[in-house]
Amino acid sequence: MALSGIQIYKMLPQTNCKECGFPTCLAFSMKLAAKQVELDDCPYVTEESKEQLAESSAPPIRLVTLAGPDRETAAGNEVVLFRHEKKFFNRPGVFVRVVDTEDTAAITEKVAAASAYTVDYVGIDLNLDGIAVEGASGDPAAFAAAVGAAREATGLPFMLVSDDPAVMEAGWKAVEGEKPLLMGANSSNWEAMVDLAKQAEAPLGVVGETLEELAELTQKIQEAGVEDMVLQPAPTAMGASLAMQTQIRRLALKNFRPLGYPTVAFASDSGDPAKEATLAAHAICKYAGFVVVDSFAPEFVYPILVLRENIYTDPQKPIQVLPAVYEINDPKPSDPVLVTTNFSITYFSVANEVEGSGLPAWLVVTDAEGMSVLTAWAAGKFDAEVIAKAVKEFGVGDKVEKKVIVLPGHTAVLSGELEEELPGWDVKVGPREAVDLPGYLKTVLA
Ligand code: SF4
């Protein structure tokens with residue numbers, strides 16, 4: 001039963017010491033009741049109070065982790081319906097499905113390709129997170145062989161999919177010691193599936209056509225001793241899928257514990273790549289913890305992974321690159337120094353234009369808290385003092401002999417001050433847009 005802020009307050013030390021980052025214990029207790037802070041943020045809660053507060057402070061959606069030999073992926077721990085309220089914590093794991101009726105060579109080829117897939121997206125490596133192996137044959141030996149073949153081709157976490165306990169047992173034993181998701185408990189097999197999940201110490205995937213069925217099953221399974229579960233709402237239409245995922249998140253955030261688990265969406269079941277892509281996008285937007293797709297091709301998974309990256313980026317924290325001096329096209333001491341901020345899109349706009357031109361340059365990236373050039377300048381985070389400090393801190397003066405530094409065109413007003421801050425440097429004003437940098441470097445600085 002969730003506690004109110006006032007009930008929580010009565011169990012806190014009430015000293016208002018502020019170490020939790022809030023001015024009063026009451027303010028902290030209100031945030032704790034709203035699941036916006038962790039109980040551990042207060043170092044002075046007694047053990048007795050901790051026990052009483054444990055349920056109230058637990059995240060409304062349980063954190064469930066799957067592990068393979070090389071990687072882990074987690075879902076859950078989410079505390080909001082909309083990311084602007086705080087942020088989303090765990091990106092949905094995207095799993096590629098293989099089926100045990102395919103031949104072994106086809107399985108290993110698909111798994112190896114999915115496992116090796118990586119693509120750079122504004123400095124972030126986008127990858128797939130796991131493999132779902134489905135036991136469609138109904139044959140334990142065939143399923144175990146498919147799981148083994150897939151394991152030879154990847155170290156990613158697995159989701160084992162079957163509603164037949166004998167088939168599931170054979171698959172799990174092929175990867176014993178790992179932590180796959182055992183996907184397929186339902187109202188007719190749940191007791192046998194619980195036994196397997198307990199033996200494997202692995203999370204259990206629970207399938208239900210309605211919210212009532214799911215809630216009833218999770219309560220029985222929890223009473224039988226399995227805590228880590230993943231819910232598969234199994235509606236028959238796309239609209240119903242979106243509605244059920246949303247209802248589960250809403251009810252979980254209202255502390256309805258029987259639905260307080262991450263969900264999985266099988267976009268792979270659609271049988272049509274266009275519909276599959278739409279279902280995967282649905283699931284990423286609202287609110288799956290794991291998404292299973294059948295199709296694997298770079299052009300299919302790229303937009304899904306980019307969508308996921310954009311939805312799960314903290315809206316209060318711009319994507320940033322590390323402040324540093326970057327060497328583009330192997331610059332020599334005679335080459336110019338360019339300056340920009342550490343907002344990743346700004347950095348990549350500048351770096352890509354210069355790199356594409358083939359002309360060498362040193363690129364100084366200042367710490368502007370992830371803001372673009374104009375925003376940072378307006379906020380006082382990109383001025384002559386900041387630029388000069390970065391030039392000195394990164395030892396740029398020791399790398400170059402001509403000492404020509406180029407300001408972004410929008411900040412021409414800084415040139416006089418920068419000359420004062422960097423005596424001996426020739427301060428120039430570059431173009432306003434990154435796209436004009438190659439021409440500028442070729443003509444003005446040639
Ligand atoms: S750290 Fe604990 S005792 Fe101190 S103000 Fe916060 S809640 Fe109160």
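Let's start in a loop: aspartate 330 sits between strand 13 (324–328) and strand 14, where helices (H or I, at least four residues) and strands (E, at least two) are DSSP runs numbered from the N terminus. The model you are looking at is predicted, so local features need pLDDT of at least 70 and side-chain atom pairs count only at pLDDT 80 or more, while totals for chains, interfaces and linings use all residues. Residues are numbered from 1 along each chain as its sequence is written.

Aspartate 330 has a positive phi of about 55 degrees although it is not a glycine. Aspartate 330 counts as exposed because 7 other C-beta atoms lie within 10 Å. With C-beta atoms placed from the backbone, a residue is buried if 20 or more others lie within 10 Å of its own, exposed if 12 or fewer, and partly exposed in between. Lysine 403, in the loop between helix 15 (396–399) and strand 16, also has a positive phi, near 55 degrees. Lysine 403 is partly exposed, since 16 C-beta neighbours fall inside 10 Å.

Now follow the chain into strand 14 (residues 337–341), where 5 of 5 residues are buried. In a regular strand the side chains alternate between the two faces of the sheet. Here Val337, Val339 and Thr341 point one way, and Leu338 and Thr340 the other. Strand 14 runs parallel to strand 15 (residues 361–366), joined by 5 bridges; two strands pair if DSSP finds at least two bridges between them. Threonine 341 stands opposite threonine 366 in strand 15. Strand 14 is also parallel to strand 16 (residues 404–407), with 2 bridges, and leucine 338 faces valine 406 there. Together, strand 14, helix 12 (residues 344–357) and strand 15 form a right-handed β-α-β unit, meaning that, with the strands pointing away from the viewer, the path from the first strand over the helix to the second runs clockwise.

Elsewhere you will find an open sheet of 8 strands with parallel pairing, in the order 10-9-8-7-6-3-12-11. Strand 10 (229–233) and strand 11 (264–266) stand at its edges, each with a single partner strand, so one side of each has no neighbour in the sheet. On average, neighbouring strands are turned by 25 degrees against each other, direction ignored. Helix 8 (residues 211–223) packs on this sheet, touching strand 8 (181–185), strand 9 (204–208) and strand 10, and its direction makes about 145 degrees with that of strand 9. Such angles run from 0 to 180 degrees between N-to-C directions, with axes fitted to C-alpha atoms, for helices over the stretch in contact.

Tyrosine 287 lies in the loop between helix 10 (273–285) and strand 12, and a cis peptide bond links lysine 286 to tyrosine 287, with omega about -20 degrees.

Glycine 93 belongs to strand 3 (residues 93–99) and is buried because 26 other C-beta atoms lie within 10 Å. Leaving aside residues up to four places away in sequence, glycine 93 touches Thr73, Ala75, Asp129, Gly130 and Phe290; contact here means C-beta atoms, placed from the backbone, within 7 Å.

Finally, look at the ligand. It is surrounded by 13 residues, the closest being Cys17, Cys20, Cys25, Phe28 and Cys42, where near means a C-beta atom, placed from the backbone, within 6 Å.

Technical notes: Contact = placed C-beta atoms within 7 Å.
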